[in-house]
Amino acid sequence: MPDPLLSITDLQIGFSTSRGMIHPVRGVSMTIYPGQTVAVVGESGCGKSVTALSVLRLIPQPPGKYLGGSIRFQGRDLLQLSEREMRRVRGKDIAMIFQEPMTSLNPVYTIGDQIIEAILLHQGVSSREARQIAEQSLRDVGIADPGRRLDEYPHQMSGGMRQRVMIAMALSCQPKLLIADEPTTALDVTIQAQILELLRKLQKERNMAIMLITHDLGVVAENADIVNVMYAGRVIESATVEDLFDRPQHPYTEGLFRSMPRLGQKATRLQTIEGMVPNPAQWPPGCKFHPRCHRTRQLAANAPADQTVEIRTAEGSARVMARCVHDLPQLPTSGDPELREILPQHWAACHFTENYDNAPVTLPVIEHQREVRRETVENGVEGVVP
Amino acid sequence: MSEAIIPGTAGSAVDPTRSASTPPRSWLAEALYNTFGRVGARIGAVWIGVIAFCAVFAPFLANSRPYLMKSGGRWSSPLLEQLTGVDVTLLAVFFVGLGLMFVRKLNMGQRAAILLWVVALVLPLAYWPQIGVIWRETQWPVLMRGGLLLLGAIDLAALVGIPWSMRLGLRFQLIFAVVLLPLVVLLIVRPPNPTRVPIYEQYREMEAAGQIEWVLRAPLPYSPSDRLRDQFDPNRPHPRPPSWEHPLGTERFGADILSRMIHASRIAMGIGFISTGIALVIGVIVGALMGYFVRWVDLLGMRLVEVFGSIPQLYLLLTFVAFFGRNLYLMMVIIGLTSWVGDARFVRAEFLKLRQQDFVQAARAAGLPLRSILFRHLLPNALAPLLVSVSFGVASAILAESTLSFLGLGLVDEPSWGQLLNQAVSAGGGFYWWLATFPGLAIFLTVFSYNLIGEALRDALDPKLSGE
Amino acid sequence: MLNYIIRRLLLMIPTLVGITLVVFWVMALAPGGVGASLLSAEGAMRPQEREELRKYLNKRYGLDQPKWKQYLRWVNQISPLGFEVDDAGNYGKFTFKAPDLGESMPRGRPVIDLVAEALPVTLLLNLLTVPIIYAIAVTTGIYAARHRGTALDVSTGVLFISLWSLPVMWVGVMLIGFFANRDIIQLFPTGGLHSTMADQMTFLPRFVNGTWERGWLLDTLWHLALPVICLTYGGFAFLSKLMRAAMLENLAADFVRTARAKGVGERAVLFRHVLRNSILPLITVAAGLLPGLLGGSIIIEQIFSLNGMGRLMIDAINQRDRELVLSITFVISLISLLSLLLSDILYAVADPRVSYE
């Protein structure tokens, strides 16, 4: 087994606010191998963007603070690097693209200025060479007439164009890992497909790893090798994309799938997950999902009364399993169920999955790349659902 | 009618059914509460309170005439006899306002209406003999009479309309009758009638001659224009530096500076509020018209705004003064006429922004006319930000008045801070530090207070901008 | 770009006409109308002078005609493009001509000469002030934004509001009273633009026979020091607050995050990415700054006895020289209108998002 490119272990991040410290990321672990696409899925506010930003150490400090854990990239712990060393990593080894292509480019500089800035920082080339590299990287992302485009300003381009420019800028220094934070959310659907296709193509050419932050399960199905589902600042399920789509284990993941429309199924009413994402300032005790969980309610309905408790929810009250509410606290702020390998290469954090009590507590490490995609890209066929 | 405003509670309750079109009053109260929770705004409010107190009680704080004296076995009160109509009105408004603060049942609008009613009642009564003289002897009978009739009609309408529209309880009416009736009777029987040319010397002469048996004087026994004291004493030329007799010194002609400063606070407050009010009215009307009609009205209005925005305000003011002469009321109007541009721009921008918004479009789609949406629902929402501009506007109006007075183009004899400052450097090169320091400090503190309040208001309304 | 400038210049014309309207109607609507305001000084005149004034007024304003004709007449005279008028008052052809601002009766000189003498002083004062204001505002604004929320940031915030509230005339009087005073501290001259000996000075400072002579340039700067201080502090206090707010807004912008993610250092982020964007609002404000400064320089010129437009204005008002008042206001408005245009053009150059079409 080769060394992983990036391994995040038990990452904890706090933000100090006027009402005290809040904990948006509480012990996240995940691993990315070269060439892999690892999706991080979750509702907004689950901590996925904070996790992504923290890999580049772009969390503003203060108010942000790294409270624990490590982020090892090619063997080095990024959290131990000096700011100067970290700057050499940013843009060169790890690059990032963002959700809002409209505002992510500086409006007063030409896109050439902005791409060349990154190249000059990391590659030690002359500005003439840098311009050639910039032109090449624009050509790589499929922008016609790159020489002229370099002298244009961001406002002269469409959203899809700008996102291509962002990708060109991110990839101009041949990074080993690309963090894509909701790269297609702000774009039209047809443009979304083009951008994702472009990312797949470039990834294959360069054997680059991608950390894909998204809330769109369709995007996950098409692109990811590994999926990490996050809820309330923790990874609650981690598996290969095939495994996860076939056998979701955590009730939250199940809920996510039930709220997604599928072709070929009888058109019944789509289900939603009741309740709201909990507020990081007031996490519920125990498993953070229990106020919205249908599984614990079903179990509680048939369980002896001494194993259940009554909780208050947004809609009134509900009876849930006592184990979901009271658990041995792992972290000062938590009491969550641990992430356990309940099936081979399939991790989940729910007390009421089969085999949870006997499963080992290990860090999720999956070296897997799906087969389908390679063929697809070679054959030029798009959109294969695993 | 029980919409009591309790700052901090009304607006903070999160109620999803309250949209932007609900009455903004509670929100305004919330903003004010946030504003005056800040240290800066509180300091500003305290100083402005001091100035307001000086303005209302100026004749009682600094006056050459005794409160009460006994001369030749006869008691008299020269101070009360010489009060002007403005003095009486200000006092009445002040005490009614003070009383209203203890009445919980009324909301902000009702309190303002009652105060307006008191002004409408007391001011004409305080001046009725003078109005009578004008009616009989004026030179331009048609114009003046027409104007007077119009004012009278407005006044009558206010006197009848305000209490009628408020539908106050019987108890309120009784209380008001008991409080105001004696005042009304007194004003009719003994209307304020100060002598045109006041002679202050007589009290000192009487005292020197031993004719006064008992006397109670004001804390500062000098009127602002009491200038003739030992004017011609060659050993002690005016202006004199501060002494026990004159705590802040005297000005060129011998008047007491502190006394002039106290009386000048009345002019500063008056100019500040009235000219800002005029500017606000013009600005809101022009801005709203531009934002509502768009197209050529907007085009025309923007040219007007550009014209008034590009003539430097002080030059425009000076041009007005050069052609229209100097007069307190004219100055208020002129300062108002030259400072409405900012308000107009703001209201226009707000209207243009709002009419594009989805909920306005939705309301129009539902059949509400744009007019009613903009003026009934949106203008009130724009009022709170306008308060910021009022606060800064008052500051700059006060500054404009003192600048004009400083340049020797302001009021002629009425006391003004800027006019005192003007005397600090004499033509011969002498420098009288007390004439520079104290009036200058008063202008600075007042302007600073309004700016602090304006700044705090802005921060309270837009937390994004605040420093914390 | 040229197109844009021409378009802006054309848009200026209606505003200019508006300014003449306002200025003229202030005079025309004053009690007694155009004639009265100019004739009010005639009581002190000899019959011959009075006759001359009447003739002049009739020729210039056509007092027997309705007000709108008087206005058109006046506009034709002050405009560089219009009908030629001969001495008899007959209208000639429509051409370019020298604008006629009229004659100052109390001084017996053409207004345009008086303005030509006074304008350079006012412009010198203001052109010295603007760069100083911007330099201080930008540096302090950056500093406050970088140290947001610290005690220093909060205290400079309060300091700037108080500076902004300080009345110019008070500061001027206090400075001249304390620092240009024989009896207290005489650090600076009491007024004027030059020493009386300035004509004989060399331009640069030099040593003559072992004694130091400050020279024309230093002498002028020495005379301008206090006036410039008075004119600057309010402006930079205001702009610095604006700069701070703009910096804070841009520091939180997405493109700054992008720059950081590229590995750009903190200094370069600040000076290359944030600063450039934060300067933009300051350019827009520049247009509004100049009218304020021009107003402020009336007070300054009065206190420090500088013979600029402001002092000329005050003298004109005191001498009831209405013709001069009218022309000064018009010229000053024209200048601030031009500064408005300049700042618009600067903004268009600095911000690529502004389209020239």
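Colleague: Quick one to start: in E4(A), what is the bridge partner of Ser7(A)?

Modeller: The bridge partner of Ser7(A) in E4(A) is Arg72(A). This is a predicted model, in which local features need pLDDT of at least 70 and side-chain atom pairs count only at pLDDT 80 or more, while totals for chains, interfaces and linings use all residues. Residues are numbered from 1 along each chain as its sequence is written, and chains are lettered from A and ligands numbered from 1 in the order in which they are written.

Colleague: Which way do E1 and E4 of chain A pair, and over how many bridges?

Modeller: Strand E1 (residues 6-17) and strand E4 (residues 64-73) of chain A pair in the antiparallel sense over 8 bridges. Strands here are DSSP runs of type E with at least two residues, helices are H or I runs of at least four, and both are numbered from the N terminus; two strands pair if DSSP finds at least two bridges between them.

Colleague: And what stands opposite Arg72(A) in E5(A)?

Modeller: That is Asp77(A), and E4(A) is joined to strand E5 (residues 76-77) of chain A by 2 bridges, again running antiparallel. E4(A) and E5(A) form a hairpin with 2 residues between them, and Gln74(A) in the turn has a positive phi of about 50°.

Colleague: Switching to chain B, what is the strand order in the open sheet?

Modeller: The order is E2-E1-E3, with 3 strands and antiparallel pairing. Strand E2 (74-76) and strand E3 (212-216) of chain B stand at the edges with a single partner strand each, so one side of each is left without a neighbour in the sheet. The twist averages 10° from one strand to the next, where axes are lines fitted to C-alpha atoms, for helices over the stretch in contact, and angles run from 0 to 180 degrees between N-to-C directions.

Colleague: How many bridges join E1(B) to E3(B)?

Modeller: Strand E1 (residues 68-71) of chain B is joined to E3(B) by 4 bridges, and Ser71(B) has Ile212(B) as its bridge partner in E3(B).

Colleague: OK, chain C: how many helices and strands are there?

Modeller: Chain C has 12 helices and 6 strands. Of its 357 residues, 36% are buried, meaning that 20 or more other C-beta atoms, placed from the backbone, lie within 10 Å of the residue's own.

Colleague: At what angle do H5(C) and H11(C) cross?

Modeller: The axes of helix H5 (residues 111-146) and helix H11 (residues 309-318) of chain C cross at roughly 135° and come within 7 Å. That makes H5(C) oblique to H11(C), since angles under 35 degrees count as roughly parallel, over 145 as roughly antiparallel, 65 to 115 as roughly perpendicular and the rest as oblique. The contact is made by Leu114(C), Ala118(C), Leu119(C) and Thr122(C) of H5(C) with Met309(C), Gly310(C) and Leu312(C) of H11(C); residues are in contact if their C-beta atoms, placed from the backbone, lie within 7 Å.

Colleague: Last topic: how many residues of chain C are in contact with chain B?

Modeller: There are 46 residues of chain C in contact with 43 residues of chain B. Among the elements that give two or more residues to that side of chain C are helix H1 (2-29) and helix H12 (322-350).

Colleague: And how many residues of chain A are in contact with chain C?

Modeller: For that pair, 23 residues of chain A are in contact with 17 residues of chain C, and H3(A) gives the largest share of the chain A side, 4 residues.

Technical notes. Contact = placed C-beta atoms within 7 Å. Buried ≥ 20, exposed ≤ 12 C-beta atoms within 10 Å, placed from the backbone.
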